[in-house]
Amino acid sequence: MFGFTLELPGRIFSSIFPSILSPLGLLLLVLTMFFFLRQAPLGNPDKPPPPTSRSAPTPSPMSPPRVVRRQSQNGSPVQKRKFRDSVTKIDEATQLLLEDRSIHDMRAYLYKRSQGLGLFKMGQSRYFVTHGAYLIYYETEAKANAAMTANQDPLAAIDIRHITKVEYLEPKQIKIVLSDTTKSYLLQASSDDNAKLWVANLTKRRKALLDALKEFYPNPNNPADSTTEEGRPRSGSSIDVKDRTLTEKTLATVTDAELLALSSIKQQFVSEGFKVPDSALCLRFLRARKGNVPDAIDFLRQHLEWRRSTFPIKYDEIKEELKKGKYVLRGLDRDGDVIIYIRGCLLGPDTYSSLENHMRQVFYLLERVRAEVLKDPMDKFCIIYDRWDVDRAKSDKPWTKAIAKALGDQYPESMKRCIVYPSNRVFRYIWNLVKVFFDPVTAAKIVMVGSSDELYKFIEKDQLLKTAGGTDDYEFKIEHVETKEMMSLEMRNLERVAPDPQTVY
């Protein structure tokens, strides 16, 4: 992620890349994609499905898929590879719910349109099936019948409970908007009537599934004053999920399913003897696990235990490390998010007494950023990894792993983007080759930038330090960590709603 070096035999590199990157090579690549694109005919959405097997009843109707997602360039999910059993086997509670509401399964070939690349906008015909709480699809009807009979994974699955809107668009089109991403699916049926049938079925199915969640989970709409000063629930009161950390900005993006899940998560931790975690913290961990409540609870539990064993960290403990100015908070990107500089030239295994002590500095700073810098508890920050004057001696793989682990395990959904600057052409080509082996979510957030002009696409020039090609001549001083002079006057005076730094639950 940061400060690593990659090697590739020059002979292979020089022989492969010119041919791929030439205009003729690109044209052949596009023609090959068209040649191998297979499409199946549109079919009848009302054709009855083959019998499906039922699994044993599950205690909860909410069991989203445990999936690994491929990502598009903007980080939105486009495909799933691995699924929970609930995707291929309908649990008895869901089956009975749908039968009671007279909601039948739908199946048909639907044309799935791509988000598109200008003139090369393409699509694929896929065989779609509404299956319990999921909209799943396969390459062909024959593959769907075989896979469903054997309880095998589909090509992809959409959790209907995570759909925020389904609407009919002329002509013959169905638009599906998902809650955890800005991505939308645009599907085309064989006729206008069939498209309207799909919209009605998905809308009715989603409402039934959310009604079941409301019966299972505690009611999220309860009095705000429901806890004691120690953070424990008051006698006879339930837990408020709409606490002050869920601002109007965040609530506009939160779905009914997420509110219900937050209530369940909070209730679980109170039963285990923790203080009530703030809703923004719970939401970060819930979204990091793609809405999977049991996984989010396990994930958040390790974090709360980590906080108990890590904090408090006192300023005097890490003051000497802070003086070195390895991490500088300064400026905002074009989206208005805070920028954190990591100065690679000051890093290296010879620059700290122990990695553990160095990471305590990182945790101290991240806590300050979360509580005192971010405008909204759900806002994210942008990292610029400054590679100027970085040589092989500064390579520090243990540090790289420790930073990646900290951001992934303890501060998920916090980093919006990591810009590696400057990155020469060879470095960027190699990164494009090897990033397929990285976690897709992480890979989509890492951007290789070769020049200041490229950097200006993400950050205005007056918001960049001079060392990064900007006009800001700010110089780091240790006292600025406490006085907040790294931030603008406007940022310093904003009212914050996040919990205090180093809060232990």
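Helix 11 (residues 315-323) packs against helix 12 (residues 355-373) at an angle of about 105°, with the two axes 9 Å apart; axes here are lines fitted to C-alpha atoms, for helices over the stretch in contact, and angles run from 0 to 180 degrees between N-to-C directions. The two helices are therefore roughly perpendicular to each other, a label that covers 65 to 115 degrees. This is a predicted model, in which local features need pLDDT of at least 70 and side-chain atom pairs count only at pLDDT 80 or more, while totals for chains, interfaces and linings use all residues. Residues are numbered from 1 along each chain as its sequence is written, and side-chain values use heavy atoms, with hydrogens and water left out.

On the helix 11 side, Y315, E317, I318, E321 and L322 meet N357, H358, R360, Q361, Y364 and L365 of helix 12 (contact means heavy atoms within 4.5 Å). The residues of this contact split into five nonpolar, three polar and three charged. Nonpolar takes in Ala, Val, Leu, Ile, Met, Phe, Trp, Tyr, Cys and Pro, charged is Asp, Glu, Lys and Arg, and the others, Gly among them, are polar.

A cavity is a set of points on a 1 Å grid over the protein atoms alone where a 1.4 Å probe fits but cannot get out, and lining residues have an atom within 4 Å of a point. Of the 22 lining residues, Y327, I340, L365, L366 and V369 are the closest to the centre of this cavity. Helix 12 gives the most to the lining, with seven residues, and by class the lining has 18 nonpolar, one polar and three charged residues. Strand 10 (327-332) and strand 11 (338-343) are among the elements that each supply at least two lining residues.

Strands 10 and 11 also pair with each other, antiparallel, over four bridges; pairing requires that DSSP finds at least two bridges between two strands. L329 stands opposite I340 in strand 11. The two strands make a hairpin with five residues between them, and G336 in the turn has a positive phi of about 85°.

Elsewhere, seven strands form an open antiparallel sheet in the order 6-5-4-3-9-8-7. Strand 6 (156-159) and strand 7 (163-169) stand at the edges with a single partner strand each, so one side of each has no neighbour in the sheet. Within this sheet, neighbouring strands are turned by 30° against each other on average, direction ignored.

Notes: Angles under 35 degrees count as roughly parallel, over 145 as roughly antiparallel, 65 to 115 as roughly perpendicular and the rest as oblique. On a 1 Å grid over the protein atoms alone, a cavity is a set of points where a 1.4 Å probe fits but cannot get out, and a pocket is an open set with protein on both sides within 12 Å along at least five of seven lines; lining residues have an atom within 4 Å of a point.
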